[in-house]
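Here's a quick briefing to read with the structure open beside you. Take it topic by topic, and find each residue as you go.

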Amino acid sequence: MSQNIHDDKILILDFGSQYTQLIARRVREAGVYCEIHHYGIPAEDFLAFNPRGIILSGSPESANLEDSPRVPDYILNAGLPILGICYGMQTVSQQLGGQVEGSSKSEFGYARIEIPSGSVLLSDLEHSIQQGNVFLHDVWMSHGDKVTQVPEGFKVIASTESAPIAAIADESRKIYCLQFHPEVTHTKSGQEILNRFVHEICQCGRLWTPANIIEDAIVKIQQQVGTDKVLLGLSGGVDSSVVAALLHRAIGEQLTCVFVDNGLLRLHEGDQVMETFANNMGVKVIRVDAEDEFLGKLAGEADPEAKRKIIGNTFIDVFDREASTLGDVNWLAQGTIYPDVIESAGSKHGTAHVIKSHHNVGGLPDDMNMSLVEPLRELFKDEVRNIGIALGLPHDMIYRHPFPGPGLGVRILGEVKKEYCDILRQADAIFMEELHRADWYQKVSQAFVVFLPVKSVGVVGDARRYSYVLAVRAVETIDFMTARWAHLPYDLLETVSNRIINEIRDVSRVTYDISSKPPATIEWE
């Protein structure tokens with residue numbers, strides 16, 4: 001590469017919006033690297049990051065309160081292009097001498113904005129309707145407060161009936177502010193707006209591509225590990241599979257994959273992993289049967305956070321033993337991705353609330369004998385999949401539904417037992433088979449079955465059955481930061497339920513989880 005793919009980059013300041021990760025994904029879809037940082041990023045970190053432009057996220061806060069989050073003055077005065085979204089618009093307006101007030105009429109959902117001609121950011125968008133010198137465009141609003149007076153030097157570049165100041169700009173300073181959300185798909189030309197900002201206004205190139213990311217990762221891996229040996233815990237999921245292919249291309253025989261059959265995997269998964277990697281890809285894979293060790297350490301433990309840490313620590317114990325057997329292994333590779341870091345409050349400033357610890361972020365012991373290699377740590381799931389396809393991995397492998405690192409350990413509520421694992425494995429296999437048969441597997445982003453440690457009365461034939469309850473879960477999502485429960489056809493759900501109850505004698509009842517994220521998480525634990 002003639003240029004570092006991180007040179008042209010955008011800084012996203014997070015004020016607590018549920019859409020912040022979507023902003024980042026859209027910027028990267030535009031071929032530009034970006035990072036999310038807390039709005040209070042220290043000046044030295046801001047200068048070291050050296051962005052070409054700044055995007056300010058929305059927020060549940062109100063900009064007209066005295067203790068509201070603010071953009072640091074050294075960022076407002078840095079002379080860089082700024083795009084304020086929703087709260088970002090309001091706080092910029094307030095800080096630069098404008099006025100923000102609570103509105104008697106909130107806007108949540110679709111709105112049609114009027115855009116006068118001449119706006120660099122908004123004029124003549126692809127999905128606009130032109131009426132004379134005005135463009136009409138459908139956008140997505142989500143706000144209660146609104147700007148009622150623009151700061152000096154700004155002009156109004158969009159309006160609605162209830163929000164006459166729906167977008168403003170000081171084009172001499174390259175500061176643009178939008179009351180609506182261009183990052184959500186409901187804003188029809190949202191991607192085009194963000195493209196204009198990062199490419200035309202910030203002058204960023206399109207360096208963030210799968211091919212460039214792979215080349216950059218290979219160079220960094222080679223620089224990081226040198227001639228050392230690397231051990232990868234291979235689960236067969238998308239993330240670890242892409243890491244395996246990436247490391248194999250970067251360091252070849254220096255890589256040894258350890259596939260730990262921990263008794264918490266899906267039906268026949270161990271055999272499938274070995275067939276795919278060892279036999280078809282030529283990757284060196286060692287299979288370790290550790291079911292008794294994992295289940296033994298999990299015995300009696302019902303707390304989900306404790307289970308995650310037990311599983312994570314046990315993985316490291318196994319890897320340490322295998323590394324000792326192999327000799328001179330200094331590095332442990334992992335498939336950690338950006339959402340793992342965010343949800344584990346692992347961001348640099350640590351201001352996020354811990355939702356749940358990921359075994360490969362929050363569950364690693366301090367005295368681990370190996371250093372970490374995490375080549376996917378700054379990537380979202382869709383970017384990981386794109387990388388996998390570019391590396392030549394099979395489509396079915398790359399677009400297989402995500403499977404959590406702790407496996408069935410977090411899909412069994414309460415204590416984990418082999419009996420529960422066996423029941424869950426069979427039920428999950430039935431669910432996957434029926435999703436494929438009905439052509440719904442690729443229409444949902446993730447689907448699985450959850451074991452509930454309660455029993456319910458059922459009737460099978462003329463006999464009473466007092467057996468376990470299972471929950472079926474399927475969601476639709478783009479980034480796994482937010483998700484909607486999948487509206488599966490009733491006849492499909494009926495078929496799944498009937499098969500599970502008829503084919504697994506230890507199950508008497510099947511339920512369907514209709515919780516979205518938020519407020520629920522995708523996994524139950």
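Just past helix H5, Gln203 has a positive phi of about 60°. Keep in mind that this is a predicted model. From here, let's look at the helix itself, then some ring pairs, then a cavity.

**Helix H5**
- H5 runs over residues 190–201, and at 1.5 Å a residue its twelve residues should span 16 Å; the end C-alpha atoms are 16 Å apart, so the two values agree.
- Quite a few of its residues are buried, among them Ile193, Leu194, Phe197 and Val198.
- Those buried residues pack against helix H1 and strands S1, S3, S4 and S10.

**Aromatic pairs**
- There are eleven aromatic pairs in the structure.
- One of them is Phe15 with Tyr87, a tilted pair at 5.4 Å centre to centre with 50° between the planes.
- Phe15 sits in the loop between S1 and H1 while Tyr87 belongs to helix H4, so this pair links parts of the chain 72 residues apart.
- Phe15 counts as buried at 5% relative accessibility, and Tyr87 is buried at 0%.
- Phe46 and Tyr74 also make a tilted pair, with centres 6.1 Å apart and planes at 45°.
- Phe46 is in H2 and Tyr74 in H3, so the pair ties together parts 28 residues apart in sequence.

- Helix H14 and strand S16 each give at least two lining residues.
- By class, the lining has four nonpolar, one polar and three charged residues.

Methods. Residues are numbered from 1 along each chain as its sequence is written. This is a predicted model: local features need pLDDT of at least 70, side-chain atom pairs count only at pLDDT 80 or more; totals for chains, interfaces and linings use all residues. Side-chain values use heavy atoms; hydrogens and water are left out. Helices (H or I, at least four residues) and strands (E, at least two) are DSSP runs, numbered from the N terminus. Ala, Val, Leu, Ile, Met, Phe, Trp, Tyr, Cys and Pro count as nonpolar, Asp, Glu, Lys and Arg as charged, and the others, Gly among them, as polar. The expected span of a helix is 1.5 Å times one less than its number of residues. Buried means under 20% relative accessible area, exposed over 50%, partly exposed in between (1.4 Å probe, protein chains only). Contact means heavy atoms within 4.5 Å. Rings of Phe, Tyr and Trp (its six-membered ring) pair if their centres lie within 6.5 Å; planes under 30 degrees apart count as stacked, over 60 as edge-to-face and the rest as tilted.
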